[in-house]
Amino acid sequence: SVNISEGASALAEGATELLIIYHHPQLPVLLNPERFEHQVLAKDVMRPFSAPNKEGKPRFKLPGTQDHPIPFLAYSSSTYLAHTVEMILFNANQRCHLERSFDTHMSEALKAMVIEGHGIAWLPESCVSKERAQRALVDAGAQNWCCTLEVRLYRSRENTNPLVDRIWSFFKKRSGQEPSGTDNAPRE
């Protein structure tokens, strides 16, 4: 578990052979496509969540008001998901009234704080499917407060490790997609 820039550095330095990260076109990860190839494994949605009130409605709902700002449970500023939330807030075209009350680099910690009713947090839908089904978490805002992220798998084009090739091929077959940025020529 590392932040995306540390993971990209580890891949570039050869300290790791595969890297799974989030990607959004407005927040690109700087991995040279001539040196690194990727494939999209899945899509995930970042969405604001709140604990429900007694009626099952969100206890906190965007955009909040100036007199009653919403307690904001945030990602640490150096994380990719923090930048993702900033991008969502910028692109929402609506003023939001938040009061930052907690931050961490872990989605699971934010999820626990939201469930306890301490505020709202943006969380990947993949992280909260069980809690949504149990109605322990509810959506805290409309679509303009959300964004779709790709889950990408990266590797070096120069990597000749047969195990990495097998893993790469497994995900390529599973997704049914050709890797982006490859010429599909056999690798030497």
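**Close-up 1. Helix 2 and its buried residues in the predicted model.** In this predicted model, helix 2 carries a set of buried residues made up of Tyr80, Leu81, Ala82, Thr84, Val85, Met87 and Ile88. Just after helix 2, the backbone at Asn93 adopts a positive phi of about 55 degrees.

**Close-up 2. The largest nonpolar core.** The largest nonpolar core has 42 residues, and those that touch the most other members are Leu31, Met46, Tyr75, Trp122 and Leu123. Two or more residues are given to this core by each of helix 1 (4–13), strand 1 (19–23), strand 2, strand 3 (70–75), helix 2, helix 3, strand 5 and strand 7 (147–156). Helix 2 provides the largest share of the core, with 6 residues.

**Close-up 3. The surroundings of Met46.** When residues up to four places away in sequence are not counted, Met46 touches a list of residues that includes Leu81, Thr84, Val85 and Ile88, each of which is among the buried residues of helix 2. The contacts of Met46 also include Tyr75, Trp122, Leu123 and Pro124, together with Trp145, Cys146, Cys147 and Leu149.

**Close-up 4. The salt bridge between Glu125 and Arg47.** The side chains of Glu125 and Arg47 form a salt bridge with an N to O distance of 2.7 Å. This pair links distant parts of the chain, since Glu125 belongs to the loop between strand 5 (121–124) and helix 4 (129–133), whereas Arg47 belongs to strand 2 (residues 36–50), 78 residues apart. Glu125 counts as partly exposed because its relative accessibility is 21%, while Arg47, with a relative accessible area of 9%, is buried.

Close-up 5. Glu108 and Lys111 form a salt bridge in which the closest N and O atoms are 3.1 Å apart. Both residues lie in helix 3 (residues 107–115), where a separation of 3 residues amounts to about one turn of the helix. Glu108 is partly exposed, with a relative accessible area of 46%, but Lys111 is buried, at 8% relative accessibility. Elsewhere, salt bridges that share partners join Arg47, Glu125, Arg132 and Asp139 into one network.

**Close-up 6. The salt bridge between Arg100 and Asp103.** The side chains of Arg100 and Asp103 meet in a salt bridge, with N to O at 3.7 Å. Arg100 is partly exposed, its relative accessible area being 46%, and Asp103 is also partly exposed, at 41%. For the model, the count of salt bridges comes to 11.

How values were computed
Residues numbered from 1 in each chain as written. Predicted model: local features only at pLDDT ≥ 70, side-chain atom pairs only at ≥ 80, totals over all residues. Heavy atoms only, no water. Salt bridge = Lys/Arg side-chain N within 4 Å of Asp/Glu carboxyl O. Helix = DSSP H or I, 4+ residues; strand = E, 2+ residues; numbered from the N terminus. Buried < 20%, exposed > 50% of the residue type's maximum accessible area, 1.4 Å probe, protein only. Core = buried A, V, L, I, M, F, W, Y, C linked by side-chain atoms within 4.5 Å. Contact = heavy atoms within 4.5 Å.
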